[in-house]
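Open the model in your viewer and keep the selection panel at hand. We will go stop by stop.

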Amino acid sequence: MENIKINIDKAFSFISKSDYENFLSQTNEKISQLENKTGKGNDFLGWVNLPTTITEHEITEIEKTAEYLKSKVDLVVIVGIGGSYLGSKAVIDALSDSFTNLKTKKEYPHVIFAGQNISEDYHYELIELLNDKSYGVIVISKSGTTTEPALSFRILKEHIEHKYGKSEAKNRIIAITDKSKGALRELADKEGYKTFVIPDDVGGRYSVLTPVGLLPIAVAGFSIRQLINGAKKMENLSGSALTSNENICSQYASIRNTLLKSGKTTEILVSYTPKLQNISEWWKQLYGESEGKENKGIFPASVNFTCDLHSMGQYIQEGMRNIFETVISVKSPKYKFQIPKEEIDLDKLNFLAGRRIDDVNKMAELGTMLAHVDGGVPNIKIELPELNEYYLGQLLYFFEKACGISGYILGINPFDQPGVEAYKKNMFALLGKPGFENETRELKAKID
Ligand code: PA5
């Protein structure tokens, strides 16, 4: 089995090598802090050893529940926001057929998402869809009190109970939450839902390898064992016993901090298949919420090429030179597809006839990387041998571990998110939530 690889050669001409080596020399100490739980946010480091500590019993329970749902429903609504849905959506989309929702024959239930927005139209259309479907719900919230999923679940609970009756509804609802506290835990215990626990020491955006990510991924029909095996491999490849030069997590954390020091304040994650678009969304949350604090941190952005070369490509080539790119490259596609020959070569593409579409994609990737580097945009390349559960497991753990190291290099706590509270306070005050009277008065004075 191969492993995912990193290539940072195309970043070196933009930085001071000694700055890079200085950051790299700090990484083993940062990894030890993660492993020994001695750094900032050390009560949220349960994710570090998740791949090697998850038990056979835990995996089997998740698989059994997924099989149960498969036997019972055609569609599962996953309710959650932020770290409670981005990881599973990323993996499911990366592994699914691009047109899965339009292909009628499907062995596993369709998986759709709610609770990640407060759009009235979205909820109306969701309920319209569910009227005609046999469905179940997996509701996920660590705190059990987050407004968006709580609101969606309130709507879905009413619908599912009306559609199937209260006692059958409870067989179709699974809750993933804290082991003892929060409104969702209380509700699940009161209603008798099957539950899975999110460990106390694992924060939302690091929870994809807990039931939060694993149950939806298993329900969608993908191998959580392979995903965990991949993550386990990366856990073993990124420990403090290794030299930092061999450790791709250390290399990535060091090069991005070196680039930041040289003025590159925005990192764009680039992919060349639409299947990876939601890996980018997951990555943006992981790095944005972990590093963006104390007026520090690289701004994480993403593009999907070649599509976005026709929109964002211009800016990347010639706009402000404060950006660098991290390209996720998939070495071998799953299928083979050749370009056909035309009798009359009107589009002048017959020179490509007989070649694979992926040859064109790979040359677009190489050509873009060379052009962007020439244009002043450093490039990092992360290569996956294939897009499957095993390599995605490696990739997820790689980004998590590198994020922890990188956050510690920055000197912040990568495992909290104090800034997320500000909008909630204003929203509750504006909605007139009891207990927020002072904030309501202060806000009204600002807007009147
Ligand atoms: O990373 C985090 O902790 C957050 O993004 C949470 O996942 C998100 O706010 C949802 O929280 P909860 O699962 O408590 O509803």
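**Stop 1: the domain boundary**

Between domain 1 and domain 2 there is 1 salt bridge. This is a predicted model, so treat each stop as a prediction. Select R205 and E289 and show their side chains. The two side chains meet in a salt bridge, with an N to O distance of 3.1 Å.

Now colour by domain. The domain assignment gives domain 1 as 5-40 + 231-411. Domain 2 is 47-227 in that assignment.

Next, select the residues in contact across the boundary. Domain 1 puts in 28 residues, and domain 2 puts in 27 residues. About 2,600 Å² is buried between the two domains. Carbon and sulfur atoms give 59% of that area. Which three residues supply more than any others of the area that domain 1 buries against domain 2? Select K275, E389 and E400: they supply 25% of it.

**Stop 2: the domain 1 side**

The residues of domain 1 that touch domain 2 divide into 12 nonpolar, 6 polar and 10 charged.

**Stop 3: the ligand**

Centre on the ligand. Show side chains and take the polar distances one by one.

- T146: an N or O atom of the side chain is 2.5 Å from an oxygen atom of the ligand.
- Q285: a polar side-chain atom lies 2.6 Å from a ligand oxygen atom.
- E289: a side-chain N or O atom is 2.9 Å from an oxygen atom of the ligand.

**Stop 4: the cis peptide**

Go to F305 and T306. What kind of peptide bond joins them? The bond is cis, with omega at about 5°. T306 sits in the loop between β8 (299-304) and α13 (313-318).

From T306, step across to A364. A364 touches T306 and Y272, leaving aside residues up to four places away in sequence. A364 belongs to helix α14 (residues 357-374). Now draw a line from A364 to F44. They are 320 residues apart in sequence, and their C-alpha atoms are 41 Å apart in space.

**Stop 5: a positive phi**

Last, select N295. Where does this residue lie? N295 is in the loop between α12 and β8. Check its backbone: phi of N295 is near 60°, a positive value in a residue other than glycine.

Definitions and conventions. Residues numbered from 1 in each chain as written. Predicted model: local features only at pLDDT ≥ 70, side-chain atom pairs only at ≥ 80, totals over all residues. Heavy atoms only, no water. Domains from an automatic or database assignment. Contact = heavy atoms within 4.5 Å. Buried area = accessible area lost by both parts, 1.4 Å probe. Salt bridge = Lys/Arg side-chain N within 4 Å of Asp/Glu carboxyl O. Nonpolar A, V, L, I, M, F, W, Y, C, P; charged D, E, K, R; others polar. Polar contact = N/O pair within 3.5 Å; in protein donor to acceptor, adjacent residues only side chain to side chain. Helix = DSSP H or I, 4+ residues; strand = E, 2+ residues; numbered from the N terminus.
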